[in-house]
Amino acid sequence: MTRPPSRNSAAGARVAAAKGAPFSASPVLAVKLSVWRSRVVLFVLFAAFVTLAGRALWLQGISTEFLQKQGESRYARTLELPATRGKITDRNGNVLASSIPVKAIWAIPDDVQKAPKAKLQQLAKLLDMTDAELNRKLDSDRNFVYLQRQVEKETTDKIALLDITGIETRKEYKRFYPEGEVMAHVVGFTNIEDAGQDGMELSAQKTLAGSLGSRRVIKDRLGRIVEDIGSIREPHDGKDLVLSLDSKIQYIAYTHLKEVVEKSKAKAGGAIVLDAKTGEILALVNLPTYNPNDRTVLTGAQLRNRVLTDTFEPGSTLKPFTVALSLDTHHITPDTVFQTAPGKMTIGTATIGDAHAHGLLTVSQIIQKSSNIGTVKIALQMTPQDMWEMFTTVGFGQQPKVAFPGAVAGRVRSFKSWRPIEQATMSYGHGITVSLIQLARAYMIFARDGDMIPLSITKVSQPPVGQQVIAKKTAIEMRAMLESVISPEGTAPQAQVPGYRVGGKTGTALKVVGGRYVNKYVASFVGFAPVSDPRIIVAVMVDEPTAYGHFGGVVAAPVFAAITANALRAMNVVPDSTVTRIVIPDNPLQESL
């Protein structure tokens with residue numbers, strides 16, 4: 001049995017140590033390692049030191065910029081400084097679109113959910129949402145959620161009084177349209193991000209929007225700004241846009257178009273008023289329309305700018321171009337006589353006809369009474385290429401060059417494929433499609449001295465230079481013929497305007513659906529006034545009138561008269577006629593289909 005060391009031996013060891021004996025001489029502490037193990041331990045310690053030194057060098061030297069950015073991203077933020085969107089005004093400075101300051105309400109969900117239930121219920125009520133809707137928005141793992149955008153000041157002030165931790169606001173702008181549905185299709189609207197979505201808001205987005213600014217700030221955990229580091233970029237407000245429209249004339253056109261669409265129980269309608277001297281668009285209206293200030297319920301029919309996007313067969317409104325071409329190429333004179341009896345004409349296997357049998361008619365009377373037979377006989381004296389060139393020169397089949405989204409080209413087939421019957425029907429507006437804006441601009445050659453100028457939706461300072469299409473003499477002759485259409489003997493006595501001489505042409509055409517003609521009509525009228533020195537061109541289209549006839553002279557002509565009369569007075573145009581009493585026959589003549 002081994003005996004423990006005695007007290008004497010322990011004391012002896014201490015004495016030996018005190019006298020310089022090695023500490024490891026103690027049998028308990030004596031450890032013997034092999035050489036290779038010692039080296040391995042030393043290598044491991046050295047490698048660990050090198051690794052730590054390399055990591056420190058990487059963090060403190062090479063990755064400094066990256067780590068600073070990562071750290072800064074926890075507290076530094078770049079805030080957008082909104083730019084005020086430019087105003088849209090009419091030609092007289094009346095505001096059509098402006099931006100009003102509002103705020104976006106946003107939240108830090110984790111903080112807001114700690115608020116008393118009563119306050120959250122009040123918040124939901126102020127934001128016009130249910131408690132469940134608010135809870136759904138707050139039930140998010142993100143640290144930033146929008147509760148509602150474009151909230152007006154009165155509401156944001158009430159929300160601020162609730163003093164809910166985690167509820168914050170951000171400045172933004174909301175677009176306001178004083179003229180509402182009257183100007184909707186021209187002005188358009190913006191989305192919640194204040195970007196243009198339709199109309200001039202979209203077309204002039206770059207001009208109106210300006211450029212956002214930005215600044216750097218330091219925020220705490222709750223999203224509160226604790227320090228403003230400085231501005232990075234100053235915001236630049238958008239530029240104002242002055243349109244060519246006249247609010248008074250726009251309202252006149254809208255009121256009278258709405259009246260006829262409702263009275264005739266039509267599907268839709270459109271009207272446009274042009275300044276014959278400058279090419280400026282003074283009014284452009286469509287029905288149905290919408291209120292851009294309240295777009296909670298919108299349909300495609302309401303959004304369509306039919307004056308630019310809808311095409312239709314123009315019918316008899318195209319006859320003046322056929323006659324003008326023949327006059328200009330010296331095939332006929334206004335007094336040339338054509339036999340239109342018996343009121344029917346066969347070309348190949350097809351038969352065309354007039355609404356009434358007229359017998360002998362001069363060229364002027366062919367326009368006045370809207371004879372298909374007379375127009376076709378004039379057309380067949382010319383080549384298809386001549387007619388095609390005339391149509392395309394006045395803009396048919398070409399996309400209108402107007403700074404407005406959605407304008408369409410219409411359809412004019414190549415003359416190379418025209419058969420005789422197609423040349424005949426195109427001469428009176430069938431087999432060709434146009435938009436109302438194209439038709440109105442084309443009538444410039446009659447309202448002016450045979451030339452055309454570009455259209456403009458913005459106010460112009462100088463009238464543009466025109467492109468001559470027909471001779472001045474031809475234009476004067478055509479004005480006289482078109483004035484006779486408005487007489488009691490013509491197809492549009494209801495287009496007469498007291499105190500002013502006016503000229504124009506009726507149009508009635510069947511609609512094409514699925515490649516086939518159906519029993520639905522488009523009634524139209526295009527004209528100008530005053531004839532002595534035309535100032536405006538007015539075009540009206542009523543789609544599918546059903547209540548009291550479908551002819552252009554009955555449906556569209558009265559709208560033309562009402563718009564023209566009020567527009568000329570609004571423009572202070574001096575009357576050029578002493579006639580103050582309108583004479584309308586009991587059974588007015590109807591144009592041929």
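These legends describe close-up views of a predicted model.

**Notes for the views.** Residues are numbered from 1 along each chain as its sequence is written, and side-chain values use heavy atoms, without hydrogens or water. In this predicted model, local features need pLDDT of at least 70 and side-chain atom pairs pLDDT 80 or more, while totals for chains, interfaces and linings use all residues.

**View 1. The chain as a whole.** The chain has 23 helices and 23 strands (DSSP runs numbered from the N terminus: H or I, at least four residues, for helices; E, at least two, for strands). Of its 593 residues, 48% count as buried (under 20% relative accessible area, 1.4 Å probe, protein chains only).

**View 2. Helices α5 and α6.** Helix α5 (residues 117-126) packs on helix α6 (residues 131-138) at about 105°, with the axes 9 Å apart. Axes are lines fitted to C-alpha atoms over the stretch in contact, and angles run from 0 to 180 degrees between N-to-C directions. The two helices are therefore roughly perpendicular (65 to 115 degrees). L120, Q121, L123 and A124 of α5 meet D131, L134 and L138 of α6 in the contact (heavy atoms within 4.5 Å).

**View 3. A five-strand sheet.** The open sheet runs β12-β11-β23-β22-β21, with antiparallel pairing (two strands pair if DSSP finds at least two bridges between them). Its edge strands are β12 (281-287) and β21 (503-513). Twist averages 10° from one strand to the next.

**View 4. Strands β11 and β12.** Six bridges join β11 (residues 268-275) to β12 in the antiparallel sense. L274 has I281 of β12 as its bridge partner.

**View 5. A helix across strands.** Helix α21 (residues 472-485) lies across β21 and β22 (516-529). It runs at about 75° to β21.

Technical notes: Buried < 20%, exposed > 50% of the residue type's maximum accessible area, 1.4 Å probe, protein only. Parallel < 35°, antiparallel > 145°, perpendicular 65-115°, else oblique.
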